[in-house]
Amino acid sequence: MPCLQTFTRALARPAGPAMRHLQPSSTAVSLPSIQRQLYSSKHPKGFEPPTAEELEELRDRAQEFTRRVITKEVAANTDKSDAFPNEIWPKLGEAGFLGITVDEDIGGLGMGYQAHSVVMEEISRASGSIGLSYAVHSQVCVNQLQLNGSPEQKKKHLPGLIAGTSIGALAMSESGAGSDVVSMRTTAKAVNGGYLINGSKMWITNGPDADLIIVFAKTRPDAGSKGITAFLVEAKTEGFSCARKLDKMGMRGSNTGELMFDNVFVPTGHVLGMVNDGVRLLMEGLDLERIVFSAGPLGIMQAAFDVAAAYSHQRKQFGQPIAHNQLIQGKLADMYTKLQASRAYTYATAKHLDEQGVIRTQDCAGSILYAAERATECSLDCIQLLGGMGYVEEMPASRLLRDAKLYEIGAGTSEIRRMVIGRVFNKEYANA
């Protein structure tokens, strides 16, 4: 498969019979200046929104990649062994998938959130756990560095992260500070030349494997949300350790750990963004994260439908395929409709951001809220349609359910997402 760097360079050439240059939509061209500024601040340099045809070509290439690299056997073994197949990282890098939203002059593809969602969906369709680790690396870590890193930080860290020779993570949550992030207890005390970080982080995806971790810590413990700072911490730094790898119900193989910081010295040049501005950086990142992460449940739903539709047309009872029974047809119809509704919401939200540069917090939260809950429902329906075969491990149905459930918890629980949406309405209708 040609690498995606080649793909994007082809898009930049003058229009030919097979492909034309990406052009901004008329909506994007007519943006007021304030929206154009926001548009450029969340996208790579020179970004232009893709056409539907270009996104479909990207989807075809992602599917070709997963057929070759993330086979059914790889997905099943990743779950059973609870170990990430680390040989996949450089292959993802070679394909161009690890730097989708990164500037081209650094080695990225210079694309947007629709493109990232397409690749996330297809990888998650092949393996939910590989998809989760992929998104944490390429969106939560790499995109944060792309948006908020200094030129020096980008030059030092992004090439390895994009190539897949270095693995990224983000450490925000603690055992006593999950949804209530401001209550975190990890501190960063200013010392000569930098900071000393002390504390621990919990439920950190890619934590056991990461080479670079974006760590949030309190630089002014008495200042609440105004006293948290983001730092770039290299795993080789003295005082850093992974205390344990967590044994999870699902997303097995997407390695998750508890991280410890014991007088970890971080130079001043490793501050990401501005000192005491970590909460703003984090919350803006969460909106973008939720868009891309909502494609994870889409992939799981598609996989569940693939399994259930094929099995119900192969399995015969009473002399005919069980899919000829109306109750079975009804379940398949419901699964398909939930998938398509979820997909429409996710990609409409991503398209709005790509073409208009506007982040709608309620839709970032809403798209993953809806997709995550529908994915759990579709996975349960998949098990039911398979009957006894749905309850044995030789079929992927139970893995799909266990993987789907994570998306109702990670990146903000369903309850928190509903609160986020409700608070937007509180502000919107404050003077009603």
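Here are some friendly notes on one helix, one annotated span and a few salt bridges in this predicted model.

1. Let's start with the annotated span. The UniProt record, an unreviewed entry, gives residues 169–264 as "domain: Acyl-CoA oxidase/dehydrogenase middle". In the model this span is 51% strand and 0% helix, and its end C-alpha atoms lie 17 Å apart.

2. Which residues of H15 are buried? They are Ser414, Arg417, Val420, Ile421 and Val424. Seen down the helix axis, these buried residues fall within an arc of 120 degrees, so they line one face of H15. An α-helix has 3.6 residues a turn, so residues three or four places apart point the same way. The buried residues of H15 pack against helix H10 (278–293) and helix H13 (361–386). On the other side of H15, the exposed residues are Glu415, Arg423, Asn426 and Lys427.

3. Now to the charged pairs. Side chains of opposite charge can pair when their charged atoms come close. The whole structure holds 26 salt bridges, and three of them are picked out below.

4. Glu122 and Arg125 form a salt bridge, with 3.7 Å between the closest N and O atoms. Both sit in helix H7 (residues 113–126), and because they are three residues apart, about one helical turn separates them. Glu122 counts as buried, at 3% relative accessibility, whereas Arg125 is partly exposed at 30%.

5. In the pair Glu258 and Arg244, the closest N and O atoms are 2.8 Å apart. Is Glu258 buried or exposed? With a relative accessibility of 18%, Glu258 counts as buried, because the cut-off for buried is under 20%. Arg244 is partly exposed, at 42%.

6. Asp381 and Lys331 also meet through their side chains in a salt bridge, at 3.5 Å from N to O. Asp381 lies in helix H13 and Lys331 in helix H12 (residues 326–356), so the pair ties together parts that are 50 residues apart in sequence. Asp381 counts as buried at 14% relative accessibility, while Lys331 is partly exposed at 29%.

7. Finally, a network to look for on screen. Salt bridges with shared partners join Glu56, Arg59, Glu121, Glu122, Arg125, Asp306 and Arg343 into one network.

Conventions: Residues numbered from 1 in each chain as written. Predicted model: local features only at pLDDT ≥ 70, side-chain atom pairs only at ≥ 80, totals over all residues. Heavy atoms only, no water. UniProt positions renumbered as here; feature names shortened; annotations may be inferred. Helix = DSSP H or I, 4+ residues; strand = E, 2+ residues; numbered from the N terminus. Buried < 20%, exposed > 50% of the residue type's maximum accessible area, 1.4 Å probe, protein only. Arc of directions from axis to C-beta. Contact = heavy atoms within 4.5 Å. Salt bridge = Lys/Arg side-chain N within 4 Å of Asp/Glu carboxyl O.
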